[in-house]
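Here's a quick briefing to read alongside the picture. Have a look at the structure first, then work through the points below.

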Amino acid sequence: MSVFAEAMRQRVREARAALVAARAAADAYGTEVAEVELEDALRMAREHGIDPDAEEA
């Protein structure tokens, strides 16, 4: 697995975790920021043909 692909997967994992945490804290601003970050990370992964949910090799 390429370093770039793993970095993209890590970015998606971190964005998902931030979104869960913001929602749990009822943080509207944090939720919005985390949603935008997750959308951007997923878009970039798609553009580069990376499955963000693939297991590490």
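This is a predicted model: local features need pLDDT of at least 70, side-chain atom pairs count only at pLDDT 80 or more; totals for chains, interfaces and linings use all residues.

The protein has two helices and zero strands. Its C-alpha atoms fill a box of roughly 35 × 20 × 15 Å along the principal axes.

**The overall picture**
- Of the protein's 57 residues, 28% count as buried.
- The protein exposes about 3900 Å², and carbon and sulfur atoms supply 58% of that area.
- Take the contacts in the protein with a separation of 6 or more: 62% of them come from residues 24 or more positions apart.
- On the charge side, there are 7 positive and 13 negative side chains, and the centres of the two sets lie 3 Å apart.

**Helix H1**
- How far apart are the end C-alpha atoms of H1? They are 31 Å apart, which agrees with the 32 Å that its 22 residues should span at 1.5 Å a residue.
- Several residues of H1 are buried, namely Ala 5, Glu 6, Met 8, Arg 9, Val 12, Ala 15, Leu 19 and Ala 22.
- H2 is part of what covers those buried residues of H1.

**The nonpolar core**
- Which residues make up the largest nonpolar core? There are six of them: Val 12, Ala 15, Leu 19, Ala 34, Leu 38 and Ala 41.
- As background, nonpolar side chains tend to be buried together in soluble globular proteins.
- Zoom in on Ala 41 and you'll find that it touches Met 8, Arg 11 and Val 12, leaving aside residues up to four places away in sequence.

- Where is Ala 26 found? Look in the loop between H1 and H2.
- Ala 26 has a positive phi of about 55°, even though it isn't a glycine.
- Why is that worth a second look? Most residues other than glycine have a negative phi.
- Is Ala 26 buried or exposed? Ala 26 counts as exposed because its relative accessibility is 69%, and the cut-off for exposed is over 50%.

Methods: Residues are numbered from 1 along each chain as its sequence is written. Side-chain values use heavy atoms; hydrogens and water are left out. A nonpolar core is a set of buried Ala, Val, Leu, Ile, Met, Phe, Trp, Tyr and Cys residues joined through side-chain atoms within 4.5 Å. Buried means under 20% relative accessible area, exposed over 50%, partly exposed in between (1.4 Å probe, protein chains only). Contact means heavy atoms within 4.5 Å. Helices (H or I, at least four residues) and strands (E, at least two) are DSSP runs, numbered from the N terminus. The expected span of a helix is 1.5 Å times one less than its number of residues. Accessible areas come from the Shrake-Rupley method with a 1.4 Å probe; for residues, only the protein chains shown count as cover. Lys and Arg count as positive and Asp and Glu as negative; His and the chain ends are not counted. The place of a charge is taken as NZ of Lys, CZ of Arg, CG of Asp or CD of Glu.
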